[in-house]
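Hi there,

Here is the structure I promised to pass on. Have a look at it first, and then read on for my notes.

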Amino acid sequence: MSLTLDTYRLLGRSGLRVSPLALGTMTFGEDWGWGADRDESRKLLDTYIGRGGNFIDTASMYTAGSSERLLGEFTRDNRESLVLATKYTMLRRPGDPNSGGNHRKSMFASVEASLRHLNTDYIDLLYLHAWDFHTPVEEILRGLDDLVRQGKVLYVAISDAPAWQVSRMQAIADLRGWSPLVALQIEYSLIERTGERDLIPMARELGLGVIPWSPLASGVLTGKYGRADLADGAVGSPEGTRKNVALSSGALTERGLAIAEVVKEVAAQLGRTPSQVALAWTLRNPAVTAPIIGARTAAQLEDNLGALEVEFDAEHLARLEAASAITLGFPHDFLELEMTRNVTGGGLRIEPRR
């Protein structure tokens, strides 16, 4: 059954209603050399909202702050009807050690800057953007809870962090009565499936809605790259070109191109585009709330939204799964061995919890 942007989903264990595809705005602004200009960015937002979309994703550092500033300008008249998500962590002033990181000073300063840029007095969803390996989890959780109590943030979430730290944080928040995490943003696509080992099962168990970023693997799954593109070196920065992002992220590899080729073949058989097939595959995972689409033009956005109408048959799913398969590793593979199941269950048939 096909979806629509106004077929809303609950975000994690919260009551917040969000669209099944989130609009990513890392493409809003030309500061990094490959984004959309002001007029095209406005067209992207209007197209998304016009189709019933309400879930907008940005971050303090996207396009050097232009993403948040443009959103603040564009949402002046309909702010309350939207769910605006932003993130803190990334360095905002080179050379200033406290202008980035997960600690309280960075958190509060970044949120205040985001509120100014977004032209709003509250943020619907605030993510910790990336784990810094230095800040105590109690400091992070208490800071997030204080922001919620102050009314500057409504819900809190986390991105790009180890599963064991996220589960630890959720347990501490529950025990101390602090604001729980309601969403987990991770890289997840046919090319990057390692989140299936621990992050995604953890999110389902602990009530976090999974929000995949880069579901098209930096554009590799659209089929626009070939093996000749592998010769270019990556510079480890989001600036320059989209191809540099694909190379720097590790998505543009021989394996990535091989998976993209299977996606193209399945798309041709379904009468769809590769982008639609790749996005639709992420939507099938019951733990996923809303993949983030990061279109640069209105035409790309319209194409991406077509993913809501894709329906697979068993053969096509099997081909995609086989091409992108990963090993789950220990202990997951060990626990699935027939020997292990026999000695722990003795052949008993037990239905899983629903």
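To begin with the charges: which side chain meets Arg 93 in a salt bridge? The partner is Asp 96, with 2.6 Å from N to O; a salt bridge here is a side-chain nitrogen of Lys or Arg within 4 Å of a carboxyl oxygen of Asp or Glu. Arg 93 is partly exposed at 42% relative accessible area, and Asp 96 is partly exposed at 25% (buried is under 20% relative accessible area, exposed over 50%, partly exposed in between, with a 1.4 Å probe and protein chains only).

Before going further, some housekeeping. This is a predicted model, in which local features need pLDDT of at least 70 and side-chain atom pairs count only at pLDDT 80 or more, while totals for chains, interfaces and linings use all residues. Residues are numbered from 1 along each chain as its sequence is written, and side-chain values use heavy atoms, leaving out hydrogens and water.

By the rule above there are 20 salt bridges. One of them joins Arg 51 and Glu 302 at 2.7 Å, N to O. This pair links distant parts of the chain, 251 residues apart: Arg 51 sits in the loop between helix 1 (38–50) and strand 4 (55–57), and Glu 302 in helix 10 (helices, H or I with at least four residues, and strands, E with at least two, are DSSP runs numbered from the N terminus). Asp 124 and Arg 79 form another, with their closest N and O atoms 2.9 Å apart. Both Asp 124 and Arg 79 are buried. There is also a network of salt bridges linking Arg 38, Asp 39 and Glu 73.

Helix 7 gives the largest share of the lining, 4 residues.

Finally, Arg 204, in helix 6 (residues 199–206), is exposed at 54% relative accessible area. Arg 204 and Arg 13 are 191 residues apart in sequence but 9.7 Å apart in space, C-alpha to C-alpha.

Best wishes
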